[in-house]
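This briefing covers salt bridges and backbone angles. Look at the sequence and the structure first, then read the points below.

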Amino acid sequence: MAATGRKHLVRDFNHFITCFLCRGYLIKPTTVTECLHTFCKSCIVQHFEESNDCPKCGIQVHETNPLEMLRLDNTLEEIIFKLVPGLREKEEQQELEFWKKNQPKENGQAENLRCQRFGLPDVGGDDGDAGGDDGDDGGNDDYHRSDPQIAICLDCLRNTGQSGESTVTDLMKRFIRCSSRVTVGTIKKFLSLKLKLPSSYELDVLCNGEIMGRDHTLEFIYMTRWRLHGENTYPMVLEYRPRIDFG
């Protein structure tokens with residue numbers, strides 16, 4: 001027998017892909033991590049200028065800085081663009097027209113803002129800590145600025161009697177902000193560079209006393225180790241120590 005499934009229309013999904021605040025399709029869908037409600041990025045940022053509560057359920061998102069609890073949902077954005085024909089092109093065109101009318105392009109500032117908005121490489125002249133002075137290598141990578149961001153604290157875990165204890169020390173700056181897609185392997189490389197460790201030196205990275213796998217992303221650790229273990233503090237704390245050889 002042939003399947004007689006009903007053809008779904010875009011409006012059948014409107015409840016899932018529209019913003020509670022502006023009632024339009026979600027643009028740059030951004031999720032509140034405390035309650036998992038999603039809004040347009042511009043809508044929820046504007047709302048948090050006046051309130052620390054989720055506009056949909058009323059839960060207090062953060063006592064002082066609710067913007068820290070927002071995460072961009074790039075997967076949902078792609079789904080919405082696939083469901084709604086022409087939406088991506090319309091939004092990109094409106095964005096370009098807005099910056100042409102409201103932002104001078106001195107030093108490439110407006111173009112950089114457009115690039116960051118759509119996850120494209122910067123064109124140069126960036127004031128961030130990852131760009132060059134003349135933009136020579138700015139066209140190769142956007143340094144994951146458009147990714148959902150997460151703040152973490154890197155603490156040195158000292159084990160009495162372990163060899164290498166004197167080599168592994170505290171970082172001068174323990175708090176960092178980076179892409180939630182960064183893996184533990186990348187964190188290890190970052191630590192090795194900052195602590196000037198030899199290339200053969202091995203580190204373990206732990207969360208709540210559990211050694212994290214090299215391919216675990218920070219987002220995965222936050223959702224499955226930090227948050228689900230009842231940790232309500234922010235930023236997420238990761239510990240590092242010399243690798244213990246049980247052999």
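Is R177 buried, partly exposed or exposed? At 45% relative accessibility, R177 counts as partly exposed; buried means under 20% relative accessible area, exposed over 50%, and partly exposed in between (1.4 Å probe, protein chains only).

This is a predicted model, where local features need pLDDT of at least 70 and side-chain atom pairs count only at pLDDT 80 or more, while totals for chains, interfaces and linings use all residues. Residues are numbered from 1 along each chain as its sequence is written, and side-chain values use heavy atoms, with hydrogens and water left out.

**Salt bridges**

- A salt bridge is a side-chain nitrogen of Lys or Arg within 4 Å of a carboxyl oxygen of Asp or Glu, and by this rule the count comes to six.
- E68 and R177 form one of them, at 3.1 Å from N to O.
- This pair links distant parts of the chain, 109 residues apart: E68 is in the loop between α2 (41–47) and β3 (70–72), and R177 is in strand β5 (residues 175–179).
- Helices (H or I, at least four residues) and strands (E, at least two) are DSSP runs, numbered from the N terminus.
- E68 is partly exposed, at 22% relative accessibility.
- In another salt bridge, the closest N and O atoms of D155 and R174 are 2.3 Å apart.
- D155 lies in strand β4 (residues 149–156) and R174 in the loop between β4 and β5, so this pair ties together parts that are 19 residues apart in sequence.

**Positive phi angles**

- R23, a residue other than glycine, has a positive phi near 70°, and R23 is exposed at 59% relative accessibility.
- K28, also not glycine, has a positive phi near 50°, and K28 is buried with a relative accessible area of 10%.
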